[in-house]
Amino acid sequence: MNRVISFFLLGVLSSAPLCAQKSFEFWPGTTYDPKVPTLRQVLGYDPGDRVTSHAGIVRYMEALAAAAPNRIKVFDYGETWEGRKLIYAAVASEANLRRLAAIKSDIEKLSDPRKTPEAEARRIMAGLPAVVWLSYGVHGNEISSPDAALLAAYHLLAAHNDKLADDILAKVVVLIDPTQNPDGRDRFVHYFDAARGLEPDSSPAAVEHQEPWPGGRTNHYLFDLNRDWIALTQPEIRNQVKVLREWYPLVYVDLHEMGADSTYFFSPEADPFNPHLTSGQRESLKLFGHNNAKWFDQYGFDYFTRENYDAFYPGYGASWPFYYGGIAMTYEQASVRGLVVRRSDETLLTFRDTVRHHFVASISTLETAAANREKLLNDFYRYRVTAIDEGSSEPVKEYILPRGRDAAATDKLAGILVEHGVEVKRATAPFHAEGREYAVGTYVVPMAQPSKRLIRTLLDPQVSMDDKFIAAEEARRKLKQRSEIYDVTAWSLPLLFNVELVAASAVSQGSFEAAKAARVVPGEMHGAPATVAYLVPWGSAAAGRLLTAALRQDLKVHSSDKPLEQVGVKFPSGTLVFKTAGNPADLADRLARLARETGANVFGTNSGWVDEGVNFGSRYVVPVRRPAIAMAWDTPTSSSSAGAARFVLERQYGYPVTPVRAAALNSAELARFQVLILPEGTGYAQSLGASGIQRLKEWVQSGGTIVALGSAVSFLADARLGLLEITQENALKESEEKKPPTSSSSAAGAGGGATAGGGGRGAAVAPGERVPGTSIATEADFEKVTRANTEPPDSAPGAILRARIRPDFWLTAGLGESVNVMVEGRAIYSPLKADQGINAAFFEAADKLVASGYLWSENRKQMPFKPLVVTNNFGRGMVIGFTVDPNFRAIQDGMNVLFLNAIFRGPAHTRASGFEER
Ligand SMILES: [Zn+2]
């Protein structure tokens with residue numbers, strides 16, 4: 001668009017009464033240097049009058065850099081899925097900007113006390129500025145912070161003879177990341193601008209305030225980037241971690257928005273705190289809170305602290321920097337989601353106010369950092385000294401990660417740890433530790449290193465909330481009050497990846513090299529060229545990647561339902577068989593290349609006569625065809641479930657899927673697809689309508705494979721669809737806990753089959769009629785009597801549970817005895833009876849159920865032996881349900897093989913494929 005037209009449009013859209021008051025001051029009393037361009041000069045409007053697009057943000061930062069090149073420098077640090085630039089700006093005094101490289105190198109020295117002893121550290125600290133990273137806009141529809149970022153940069157560069165700004169620039173290197181999630185930001189901005197009318201509308205119901213699915217919060221693959229700091233799955237966070245490790249900012253602030261009716265939140269955070277944070281870090285939070293309070297009081301802004309936003313889950317942006325020794329904080333501003341909104345108390349909140357609050361909090365934070373420069377530097381160095389000390393004196397001296405059944409998952413985990421800045425060693429020769437031999441390639445993570453607390457929090461099988469918090473939480477639950485657990489209570493990566501972790505009490509002796517950051521370690525071809533077939537052992541992420549790549553090349557591949565032994569190797573069930581007959585002549589070369597790229601090992605054989613198990617011509621060796629995969633999209637699907645399923649298939653396994661709006665499933669050419677994924681979601685029946693439901697049923701009947709995730713499983717049981725007879729359970733009642741389960745108590749669906757509880761009102765009572773008198777002797781009885789007749793189970797706060805795998809079954813091929821899965825919410829299903837289908841995976845007995853995290857005692861009693869994965873043939877097709885979403889945040893790689901089995905092996909076991917059920 002040329003300049004004339006663009007200014008014309010801006011004029012139209014910003015002709016709001018709000019913009020009429022020219023005298024508005026963001027930091028009252030400041031005069032600004034006219035040589036530094038204002039937002040109006042570059043983009044045509046004043047701060048807070050429009051929501052700036054990503055392109056506008058980049059343009060303004062570059063304009064500042066062009067005008068004040070001695071005090072601001074803009075860096076690229078990566079690209080989003082949609083190709084938008086990720087940038088950050090360094091704002092500093094001329095002297096500091098000139099020596100950024102030297103500052104970085106000093107910080108690197110300071111970060112490793114093993115190389116930099118105390119005296120040397122003191123010398124370095126004396127000359128170092130405090131580095132502060134201000135991170136804006138991680139949630140794309142939390143719109144005020146990126147505009148506040150532009151204002152903060154302008155203020156620091158342009159404030160004339162301003163003591164505070166000068167002091168900040170003298171003592172602090174300010175790193176400004178104006179928008180961490182450009183794709184989500186622009187999704188919001190485009191929608192908002194398209195929805196606007198003559199003037200900004202304050203009605204919360206106005207379409208400009210009501211984003212359609214999926215909203216602008218998430219990135220392209222609909223990930224909440226503020227949960228991605230554990231497995232670093234998305235480019236926005238993975239790249240941010242890379243730059244943070246160059247700077248180790250002493251202070252990191254992540255600026256968000258919350259509900260319109262709230263005020264402003266800043267540190268200290270609420271309980272519970274992660275136990276791997278230090279008391280010094282918790283104390284320092286108060287310094288920042290107090291100074292913010294000073295300015296907010298002076299300007300008359302409301303705020304709250306120590307409520308709601310906790311510091312337990314380490315996957316937030318405002319968590320990760322804690323674990324290298326920085327101070328990390330969340331700030332939250334009440335959201336306008338537009339330019340003005342009417343709150344429930346009838347007051348108007350303007351976008352400009354919200355921009356101002358985040359701007360003032362940003363400057364106040366920098367003031368605190370400047371005033372505490374020496375303390376913060378010293379704390380950072382101390383943190384890393386004590387981490388090493390603790391790592392060398394605590395009982396666990398190192399974690400060993402042997403490469404087991406899914407060696408590719410272990411490789412990826414080691415790669416992720418290296419990206420986090422953890423020192424990981426890889427064995428170059430076999431070694432012994434505590435009576436066990438470990439193979440070449442085993443990873444070892446020593447604890448005596450500066451990242452010790454990050455290692456513990458990412459790898460420990462259990463990180464516990466403090467007892468006082470748990471007791472208070474149980475008390476709240478009893479009174480049916482809201483839980484104060486903000487996110488999940490478990491995240492241990494080895495558990496989520498379903499790989500072995502060994503805690504060793506001594507440092508292993510052997511021959512090691514530094515592990516690389518690579519997430520895929522190349523696999524090898526053995527026994528090529530072969531005359532009969534090539535085998536790829538199933539059960540690993542690497543074999544999954546090789547399968548999808550081979551299918552996309554139209555290679556002919558079979559998969560064995562039974563284990564087999566050949567060329568001296570034991571192959572698990574699911575093993576891929578590439579027969580030379582029927583495949584291209586260059587099969588060996590292609591597979592060798594795929595082995596390198598995917599990490600899978602390939603074994604050639606010159607005989608179809610296997611040593612043990614089934615031959616390649618057996619009916620148990622089924623053809624796996626290249627499926628066309630459709631996936632329900634848009635409402636009513638949960639965007640995070642839909643996004644994660646698409647991400648796992650497309651980006652972890654390189655296989656395309658076709659998202660189809662759920663409402664269009666009744667018109668889409670379903671017949672062209674072999675697999676349909678229904679992500680989590682309630683309301684499929686309404687979206688599809690009667691004709692859509694009928695069409696779906698016919699499609700499965702004629703041979704389609706339907707895979708439902710999480711809450712979508714309930715839709716399979718919809719009476720009109722009738723694909724699976726599965727029902728959700730109500731909460732356990734105390735009176736029933738002791739009784740053995742009967743068909744009536746276990747089959748009671750949500751909302752139905754209610755039985756009268758402890759003497760309360762069971763049957764309907766006619767008007768005027770009375771019920772028999774009761775005597776309530778104790779408070780416990782009182783609680784029983786007042787309990788609702790039908791209640792869903794209490795919502796699990798997010799714990800990692802163990803599920804047992806049904807052996808010798810096509811859907812569980814390649815798996816061991818158990819998998820771990822993240823369970824949240826209140827959906828517990830009754831197991832299928834033998835004539836209703838097969839429970840392919842089900843939760844472990846109570847004593848083995850919880851692998852990590854916190855689970856209510858009632859859930860512990862009710863979950864055992866309840867199904868995780870169920871399946872049933874329907875007509876010529878296949879129905880598969882995961883009662884828990886297997887792709888949670890794309891961090892439970894341990895569930896990938898089950899998911900791949902459903903999608904790629906499922907169609908091979910439909911009657912449409914010629915397969916006959918046994
Ligand atoms: Zn947010």
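Okay, let's start with a term: pLDDT is the predictor's confidence in each residue, on a scale from 0 to 100. The protein chain averages a pLDDT of 93, and 94% of the residues score at least 70.

A bit of housekeeping. This is a predicted model, so to speak of local features we need pLDDT of at least 70, and side-chain atom pairs count only at pLDDT 80 or more, while totals for chains, interfaces and linings use all residues. Residues are numbered from 1 along each chain as its sequence is written, and side-chain values use heavy atoms, with hydrogens and water left out.

Now the whole chain. How many helices and strands does the protein chain have? There are 28 helices and 37 strands; these are DSSP runs numbered from the N terminus, with helices being H or I of at least four residues and strands being E of at least two. The radius of gyration is 30 Å, close to the 29 Å that the globule rule gives for 918 residues, so the chain is as compact as a globular protein of that length. For that, we use C-alpha atoms, and the rule is 2.2 Å times the number of residues to the power 0.38. Along the principal axes, the C-alpha atoms fill a box of roughly 85 × 85 × 65 Å.

What share of the residues is buried? It's 59% of the 918, with buried meaning under 20% relative accessible area, exposed over 50%, and partly exposed in between, using a 1.4 Å probe and protein chains only. Also, if you take contacts with a separation of 6 or more, 79% of them are between residues 24 or more positions apart.

Let's zoom in on Ala799. You'll find Ala799 in strand S32, residues 796-805. Ala799 counts as buried, at 0% relative accessibility. Which residues does Ala799 touch, leaving aside neighbours within four places in sequence? They are Thr489, Ala490, Val821, Met822, Val823, Ser852, Gly853 and Tyr854. Leu547 is 252 residues from Ala799 along the chain, and their C-alpha atoms are separated by 31 Å.

Next, helix H28, residues 896-905. All 10 of its 10 residues are buried, so H28 is largely enclosed by the rest of the structure. Among them are Phe899, Asn901 and Arg905.

Most residues other than glycine have a negative phi, and most peptide bonds are trans. Here are some exceptions. A cis peptide bond joins Asp271 and Pro272, with omega about 0°, and Pro272 is in strand S7, residues 270-273. Another cis bond runs from Ala528 to Pro529, with omega near -5°; Pro529 is in the loop between strands S19 and S20.

Then there's phi. Asn498 isn't a glycine, but has a positive phi of about 55°. Asn498 is in the loop between helix H17 and strand S17, and counts as partly exposed at 28% relative accessibility. Ala890 has a positive phi of about 55° too, in the loop between strand S37 and H28. Is Ala890 buried or exposed? Ala890 is buried, with a relative accessible area of 4%.

Notes
Contact means heavy atoms within 4.5 Å.
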